[in-house]
Amino acid sequence: MAARKPLIAGNWKMYGRSAALGEIPALWAQVGGVAGAIDALICPPAPYIAAARQAAAATGVQIGAQDCSPAADDSARTGEVNAAMLADVGARYVIVGHSERRTLHAESNDLVRHKAEAALAAGLTPIVCVGETLAEREAGRVAEVVGAQVRESTPADARIVVAYEPVWAIGGASTPTIPEIEEVHHLIRETLAERLAGEANGVRILYGGSVGPKNAAEIFAAMGVDGALVGRASLKAADFAAIILSHPAAK
Ligand code: PGA
């Protein structure tokens with residue numbers, strides 16, 4: 001199997017002000033020693049991306065965005081930010097199709113795929129989020145729902161990252177069991193392989209949803225888990241560093 005470098009990404013959502021950017025060098029002070037083995041990424045709110053890049057300049061922390069326009073080219077779209085602009089101010093990755101956007105902004109699989117394609121066209125790595133709701137899990141529809149999301153919201157391109165984020169585990173207290181996580185990660189890779197064949201082995205698949213310093217090691221040890229997408233626990237350098245340092249690649 002192709003070696004996949006772990007990626008541990010912090011999604012700051014709509015939290016923080018300029019002062020929060022100090023967490024970036026503080027994070028590096030704690031994780032710099034393992035940086036060769038693990039990609040560490042912070043995705044701040046859009047207005048802070050350029051300043052975050054500055055704050056990360058002397059570090060190996062990478063900076064990403066939380067969303068982008070599906071339109072690749074500059075055009076008349078008031079309020080939108082395209083992937084080329086994000087790349088221009090120093091972003092390397094962009095999260096697309098997070099469940100909060102799918103829910104609050106009615107984003108469809110098609111729209112998410114267009115965003116991921118626009119990201120790739122600008123040289124960014126899209127982190128495409130998928131995941132079932134509690135009702136879907138309870139109805140036994142995990143494979144159907146997540147399979148359709150992977151088929152319809154990822155471009156047929158191995159330069160993507162997929163994040164499995166069960167909607168019910170985000171912002172809460174519970175996570176799936178390790179076998180449940182492994183089962184869905186396996187399903188995602190099999191679904192990617194339908195279009196990408198062997199290249200699917202190179203795609204990193206992250207777990208997200210209530211990852212914290214206490215459960216990260218167990219989640220990272222799960223089969224097929226190539227890192228994490230972390231919300232709340234990425235806001236403070238100490239917590240996020242503890243998560244990164246608990247990865248086996250950090251030992
Ligand atoms: P959480 O959020 O870690 O706070 O549960 C994860 C996410 O929404 O990406």
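The buried residues of helix α7 (residues 142-153) in this predicted model are Val142, Val145, Val146, Gly147, Gln149, Val150 and Ser153, where buried denotes under 20% relative accessible area, exposed over 50% and partly exposed the range in between, with a 1.4 Å probe and protein chains only. Helices (H or I, at least four residues) and strands (E, at least two) are DSSP runs numbered from the N terminus. Residues are numbered from 1 along each chain as its sequence is written. The model being predicted, local features need pLDDT of at least 70 and side-chain atom pairs count only at pLDDT 80 or more, while totals for chains, interfaces and linings use all residues; side-chain values use heavy atoms, with hydrogens and water left out.

Helix α7 has 12 residues and reaches 16 Å from its first C-alpha to its last, close to the 16 Å expected at 1.5 Å a residue; the expected span is 1.5 Å times one less than the number of residues. The cover over the buried residues of α7 includes α4 (99-104), α5 (109-121), β5 (125-130), α6 (134-138), β6 (161-164) and α8 (178-196), contact being defined as heavy atoms within 4.5 Å.

Asp157 lies in the loop between α7 and β6. With a relative accessible area of 17%, Asp157 is buried. Its side chain makes a polar contact with the side chain of Arg159 at 2.8 Å. A polar contact is a pair of N or O atoms within 3.5 Å; within protein, one must be able to donate a hydrogen and the other to accept it, and residues adjacent in sequence count only if both atoms are side-chain atoms. Apart from neighbours within four places in sequence, Asp157 is in contact with Leu120 and Leu196.

Arg102 belongs to helix α4 and is buried, at 15% relative accessible area. The side chain of Arg102 makes a polar contact with the side chain of Asn109 (2.6 Å) and reaches the backbone oxygen of Cys129 at 2.9 Å. Residues up to four places away in sequence not being counted, Arg102 touches Gly97, Glu107, Asn109, Val112, Cys129, Val130, Gln149 and Ser153. Among these contacts of Arg102 are Gln149 and Ser153, which are also listed among the buried residues of α7. The C-alpha atoms of Arg102 and Cys43 are separated by 18 Å, the two residues being 59 residues apart along the chain.

The strands form a closed barrel of 8, in the order β1-β2-β3-β4-β5-β6-β7-β8, with parallel pairing. Neighbouring strands of this sheet are turned by 25° against each other on average, direction ignored. Helix α10 packs on the sheet and touches β1, β2 (39-43) and β8, its direction making about 160° with that of β1; axes are lines fitted to C-alpha atoms, for helices over the stretch in contact, and angles run from 0 to 180 degrees between N-to-C directions. Two strands are taken as paired if DSSP finds at least two bridges between them.

Strand β1 (residues 7-11) pairs with β2 in the parallel sense over 5 bridges, and Ala9 has Leu41 in β2 as its bridge partner. In β2, 5 of its 5 residues are buried: Asp39, Leu41 and Cys43 lie on one side and Ala40 and Ile42 on the other. Strand β1 is also joined to β8 (residues 227-230) by 4 bridges, again parallel, with Gly10 opposite Val230. Gly227 and Leu229 point one way from β8 and Ala228 and Val230 the other way, and all are buried.

β6 and β7 pair in the parallel sense over 4 bridges, with Tyr164 opposite Tyr207. Arg204 is placed in β7 and counts as buried at 13% relative accessibility. The side chain of Arg204 reaches the backbone oxygen of Lys5 at 3.0 Å. Contacts of Arg204 beyond four places in sequence include Asp39, Tyr93, Ile160 and Asp226.

The axes of helix α1 (residues 23-31) and helix α10 (residues 237-245) come within 9 Å and cross at roughly 35°. Glu23, Ala26, Leu27, Gln30 and Val31 in α1 meet Ala237, Ala238, Phe240, Ala241, Ile244 and Leu245 in α10.
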